[in-house]
Amino acid sequence: MMKKAAIFILLFCVLPIFMTGCGDKGPKRYPVSGKVTFKGAPVEKGMIVFESAEPKISPDGGEIKDGAYHCQVSPGKKIIKITGAKRVKGTGPDAELELWEDFIPEKYLQNSEITVEIKGEQTEDFHLE
């Protein structure tokens, strides 16, 4: 559980810093958008990362909100990594807090085998089971 929490924090807090870029330097990026569902339901909140198969190219990605994402991605073959969180009710003294719980299995994050080829502006939907 601690490992998942650390990965979730990394994707939500640290990765966006690296995805902002600096000016127009670096590879061209294309708008990529789509839907993300898990067992037929939209992923309410999460992150999607397009990780390059080539280690010299930094990952791209963005936030998943209400089952949809929009981001800028460099061209080439990408490994897709997805996180998702759902609202859960707190218990005891935390009963009034809005809490989030990771629910996407590891096979879509660290062990992801989902790949896409980015060739230009495109739509990529991901329906996870």
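## Salt bridges and core

Lys-81 is buried, since its relative accessible area is 13%, and this places the residue under the 20% limit that buried residues must meet. The model is a predicted one. The side chain of Lys-81 forms a salt bridge with that of Glu-51; because Glu-51 belongs to strand S3 and Lys-81 to strand S6, the pair ties together parts that are 30 residues apart in sequence. Glu-51, for its part, is partly exposed, with a relative accessible area of 29%.

| Salt bridge | Distance, N to O |
|---|---|
| Asp-60 and Arg-29 | 2.8 Å |
| Arg-87 and Glu-44 | 2.8 Å |
| Glu-51 and Lys-81 | 3.5 Å |

Asp-60 lies in strand S4 (residues 60-65) and Arg-29 in the loop between helix H1 (2-19) and S1, so this pair joins parts that are 31 residues apart in sequence. Asp-60 is buried at a relative accessible area of 2%, whereas Arg-29 is partly exposed at 28%.

The largest nonpolar core has 19 residues, and those with the most contacts inside it include Val-36, Ile-48, Tyr-69 and Phe-126. Several strands each supply at least two residues of this core, among them S1 (30-38), S3 (45-52) and S6 (76-89). When neighbours within four places in sequence are left aside, Val-36 is in contact with residues including Ala-41, Ile-64, Tyr-69, Ile-82 and Leu-128.

Technical notes
Residues are numbered from 1 along each chain as its sequence is written. This is a predicted model: local features need pLDDT of at least 70, side-chain atom pairs count only at pLDDT 80 or more; totals for chains, interfaces and linings use all residues. Side-chain values use heavy atoms; hydrogens and water are left out. A nonpolar core is a set of buried Ala, Val, Leu, Ile, Met, Phe, Trp, Tyr and Cys residues joined through side-chain atoms within 4.5 Å. Buried means under 20% relative accessible area, exposed over 50%, partly exposed in between (1.4 Å probe, protein chains only). Helices (H or I, at least four residues) and strands (E, at least two) are DSSP runs, numbered from the N terminus. Contact means heavy atoms within 4.5 Å. A salt bridge is a side-chain nitrogen of Lys or Arg within 4 Å of a carboxyl oxygen of Asp or Glu.
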